[in-house]
Amino acid sequence: MTIGDFERELSEQRVEQEKDAAIAAARAALTGPGLAHCEDCDRPISEARRQALPSATRCVVCQDLHEIDKRKATKWTRQ
Ligand SMILES: [Zn+2]
């Protein structure tokens with residue numbers, strides 16, 4: 001492999017990364033902040049919830065269930 005090959009490979013990687021970033025940005029512009037669908041039940045997450053909590057990845061119901069599970073898990077590990 002020559003230095004030229006190496007540089008070409010590097011710039012190809014950069015193009016790929018830029019493409020990924022552009023796709024992610026386009027997706028974010030389409031769906032707004034946060035995930036459009038709950039990662040657990042796949043139901044749409046309301047826009048109000050996404051705007052209030054852009055980091056939300058679950059709908060209110062699944063988030064509640066998840067929090068309860070987490071609390072249970074903590075309790076179990078403490079025993
Ligand atoms: Zn859900």
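Colleague: Which pattern does the protein chain follow, read along the sequence?
Modeller: This is a predicted model, where local features need pLDDT of at least 70, side-chain atom pairs count only at pLDDT 80 or more, and totals for chains, interfaces and linings use all residues. Residues are numbered from 1 along each chain as its sequence is written. Helices (DSSP H or I, at least four residues) and strands (E, at least two) are numbered from the N terminus. The chain has three helices and zero strands, and its pattern reads α-α-α.

Colleague: In which helix is confidence highest?
Modeller: pLDDT is the predictor's confidence in each residue, from 0 to 100. The chain's mean is 84, with 85% of residues at 70 or more. Helix α1 (residues 3-31) is lowest at a mean of 83, while the highest, at 88, is helix α2 (residues 47-52).

Colleague: Is D42 buried or exposed?
Modeller: D42 sits in the loop between α1 and α2. Its phi is positive, about 70 degrees, although D42 is not a glycine. Buried takes 20 or more other C-beta atoms, placed from the backbone, within 10 Å; exposed takes 12 or fewer; partly exposed lies in between. D42 has 9 within 10 Å, so it is exposed.
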